[in-house]
Amino acid sequence: MVLTGERRDVASFDPNGTAGLIDPSRLLVATSGDRKDALWSIETSLRSGAANVVMGVLDRGPDLTESRRLMLAAEAGGTTCLLTVREPVSNCAAETRWRARFAPVESFESSRLVCELYKNKRGTSGMVFDVRVERQTGDGGLPAAPAPRPSEAGGPTGR
C-alpha cells in the first residue's frame with residue numbers, strides 16, 4: 001500500500017497505529033510539498049502497478065481533469081485508488097463517493113466507522129456500512145449487509 005499526499009496532511013499518520021490492519025513493512029509513505037506534487041505522486045504510484053492500493057490525501061477533491069487522470073492511471077496500473085479529501089468537489093470522475101465518520105463505541109477496545117455510499121455511477125447509492133475493528137486483534141471488517149440509513153433508523157442524517 002502507498003499512502004501519499006501533502007506533507008501537512010500525511011505527517012501525522014502513524015503506521016504503527018494501523019499495524020493490526022496494515023503490516024507497516026508493506027506500507028510506503030510518501031509526502032509532497034504542495035498539491036501539484038501530491039497529485040503527481042498519486043498518479044505515478046497508481047500507474048506503476050507496484051502497489052495494490054494507493055491512498056491519496058488531499059485538502060480539496062480533484063476536479064474533473066485531475067480525477068480523470070487518476071482514473072486512467074489506476075486502470076493502467078491495475079491499482080485501486082482511495083482518496084480522502086477535506087473538501088469534496090461536485091464535478092469529479094470518481095466511480096463512487098463515500099462519506100465516512102467515526103461513531104461512538106461501547107468501550108475503548110474497538111473502533112467504529114460508519115461509511116455511507118452517497119454516489120455510485122454503476123448502481124445503488126445510499127448504502128451505509130457500520131465497520132468495527134477490535135484494537136487488540138485488528139479483527140473486523142464489513143458487515144454482511146449494509147446498516148439501515150440513519151434516516152430510516154430514526155437517527156440524524158449527518159447532513
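This is a predicted model: local features need pLDDT of at least 70, side-chain atom pairs count only at pLDDT 80 or more; totals for chains, interfaces and linings use all residues.
Start with the helix. H2 covers residues 35-48, which makes 14 residues.

Now the two ends. At the start of H2, look at aspartate 34. One of its side-chain oxygens comes to within 3.4 Å of the backbone nitrogen of lysine 36. Just after H2 sits glycine 49. Its phi is positive, about 75 degrees.

Next, burial. Which residues of H2 are buried? They are Arg35, Ala38, Leu39, Ser41, Ile42, Glu43, Ser45 and Leu46. Keep the helix geometry in mind here. An α-helix has 3.6 residues a turn, so residues three or four places apart point the same way. Ala38 and Ile42 are both on the buried list, as are Leu39 and Leu46.

What covers those buried residues? The cover includes four strands: S1 (2-6), S2 (28-32), S3 (53-60) and S4 (80-87). Helix H3 (64-77) is part of the cover too.

On to the strands. S1 and S3 run parallel, joined by 4 bridges. Within that pairing, threonine 4 has glycine 56 of S3 as its bridge partner. S3 also pairs with S4, again in the parallel sense, over 7 bridges. There, arginine 60 stands opposite glutamate 87 of S4.

How are S3, H3 and S4 arranged, right-handed or left-handed? Together they make a right-handed β-α-β unit.

Note on methods:
Residues are numbered from 1 along each chain as its sequence is written. Side-chain values use heavy atoms; hydrogens and water are left out. Helices (H or I, at least four residues) and strands (E, at least two) are DSSP runs, numbered from the N terminus. The expected span of a helix is 1.5 Å times one less than its number of residues. Buried means under 20% relative accessible area, exposed over 50%, partly exposed in between (1.4 Å probe, protein chains only). Contact means heavy atoms within 4.5 Å. A polar contact is a pair of N or O atoms within 3.5 Å; within protein, one must be able to donate a hydrogen and the other to accept it, and residues adjacent in sequence count only if both atoms are side-chain atoms. Two strands pair if DSSP finds at least two bridges between them. A crossover is right-handed if, with the strands pointing away from the viewer, the path from the first strand over the helix to the second runs clockwise.
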